[in-house]
There are 2 protein chains.
Amino acid sequence: MARNKEFDRDDALDAAIGVFREHGFEGTSTDMLVRAMKIGRQSLYDTFGDKWKLYCLAVERYSIAETRAHIATLRGEPRAVDGIRAMIGRVVEDAQRACLGVGSICEFGESRQELSALRQTAGLQLKTAAEERIRKAQADGDIAVDATAGEIANFLIAGIAGIRVAARGGASRDDLRSLGRMTLRAIA
Amino acid sequence: MARNKEFDRDDALDAAIGVFREHGFEGTSTDMLVRAMKIGRQSLYDTFGDKWKLYCLAVERYSIAETRAHIATLRGEPRAVDGIRAMIGRVVEDAQRACLGVGSICEFGESRQELSALRQTAGLQLKTAAEERIRKAQADGDIAVDATAGEIANFLIAGIAGIRVAARGGASRDDLRSLGRMTLRAIA
DNA sequence: TTAATTCTGGAATAAACAGTCAAGAAAGGA
DNA sequence: TCCTTTCTTGACTGTTTATTCCAGAATTAA
């Protein structure tokens with residue numbers, strides 16, 4: 001069995017993610033994808049099916065990576081509240097690049113069940129991990145106890161979306177830092 | 001000079017807004033627009049130029065109306081903090097329908113200066129009005145004074161975006177109400 | 001009524017688009 | 001070496017798109 005150059009599927013997906021997060025699904029043409037992914041048109045169709053399947057795979061890969069990064073940051077500090085701070089801090093520092101999750105939510109809402117299912121999986125993972133750390137931080141006396149961990153987790157996740165929309169809308173780095181600070185202040 | 005049925009330009013624009021906020025610019029075809037606006041294709045091009053100009057006009061009209069509504073709600077209560085609460089409450093209750101402002105930010109970011117300019121105008125108006133009420137509420141002793149009115153205004157606006165993204169992503173009414181409560185709690 | 005004007009709807013156009021096809025280049029296994 | 005497989009390339013197809021054109025219907029002023 002002869003194996004060829006056989007481009008890296010994950011690298012190609014990462015390139016597709018880069019295009020989709022900047023231009024959305026409808027704003028992206030297959031030509032843009034082929035050029036960015038540096039593969040032949042036929043390889044794209046052979047490997048990923050069609051544009052929609054590729055988009056779904058891109059969103060899935062992005063969600064998994066982003067969720068994993070959030071959770072790693074969340075757990076990366078011994079003190080739970082510091083992990084929460086770090087998660088928000090990471091969002092602020094990375095906010096120049098558009099978020100494919102937010103983009104796909106805004107573009108499609110709940111109209112595609114494939115996307116909704118993907119989001120639910122990733123969202124639940126993140127929320128569960130966040131709740132666990134929030135409960136810990138509450139037990140440490142570092143954040144408010146007059147709201148449930150679930151409420152606080154949802155608030156943090158919505159806060160992240162708010163920061164990312166603000167960034168996409170042109171907010172300065174200082175504005176974003178201020179938003180991060182306010183979001184954290186809110187749960188203290 | 002003979003004047004005909006002469007469809008209402010604003011009604012037509014409102015219909016276009018309805019389509020654009022649900023499907024975005026790229027996801028909307030001129031056929032969808034013509035059908036929703038209930039005007040002839042030629043009338044659309046005669047009256048609005050082309051699809052992009054129509055989109056810009058739709059975003060402008062939407063932004064003006066939405067900003068006006070925010071400010072009216074903000075000022076609709078004698079106590080400043082109640083106006084702020086009411087503004088967030090209105091967002092929560094109206095969040096089933098996609099926001100064209102958030103949609104256009106996510107779809108185009110800062111890549112179209114026409115849109116960026118529109119947004120800046122509307123955003124500044126809202127921020128200024130919010131700051132004025134925030135300062136009042138601070139003077140009343142109803143909200144925190146350890147953050148500037150500008151910071152709090154930005155936080156509220158980002159919070160609104162976060163609530164709207166959450167809603168678009170399928171959050172329940174109760175979740176949204178909880179987000180509103182948390183956002184308000186944050187500035188108290 | 002008649003004339004002027006405005007909207008409509010379908011047809012035409014030209015570009016962009018997603019997706020397919022087929023010939024060949026590259027690369028490794030036999 | 002030759003064969004098999006995989007990737008590339010460019011051309012091709014058929015559809016969808018935005019936009020324009022045009023003929024006629026509707027509407028109102030004179």
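Let me begin with A:Thr30, which, once its neighbours within four places in sequence are set aside, is in contact with A:Arg41 and A:Lys51, contact here being two C-beta atoms, placed from the backbone, within 7 Å. This is a predicted model, in which local features need pLDDT of at least 70, side-chain atom pairs count only at pLDDT 80 or more, and totals for chains, interfaces and linings use all residues. Residues are numbered from 1 along each chain as its sequence is written, while chains are lettered from A and ligands numbered from 1 in the order in which they are written.

A:Thr30 sits in helix H2 (residues 30-37) of chain A, helices being DSSP runs of H or I with at least four residues, numbered from the N terminus. The C-alpha atoms of A:Thr30 and A:Tyr45 are 10.0 Å apart. An unreviewed UniProt entry annotates residues 29-48 of chain A as "DNA-binding region", and such annotations may be inferred rather than shown by experiment; over residues 29-48 the chain is 80% helix and 0% strand, a strand being a DSSP run of E with at least two residues.

Turning to the pairing of the chains, 33 residues of chain A are in contact with 33 residues of chain B. On the chain A side, helices H6 (100-108), H7 (113-139), H8 (149-168) and H9 (173-187) each give two or more residues, and the largest share, eleven residues, comes from H8(A). Because 100% of the interface residues of chain A are also interface residues in chain B, the copies meet through the same surface.
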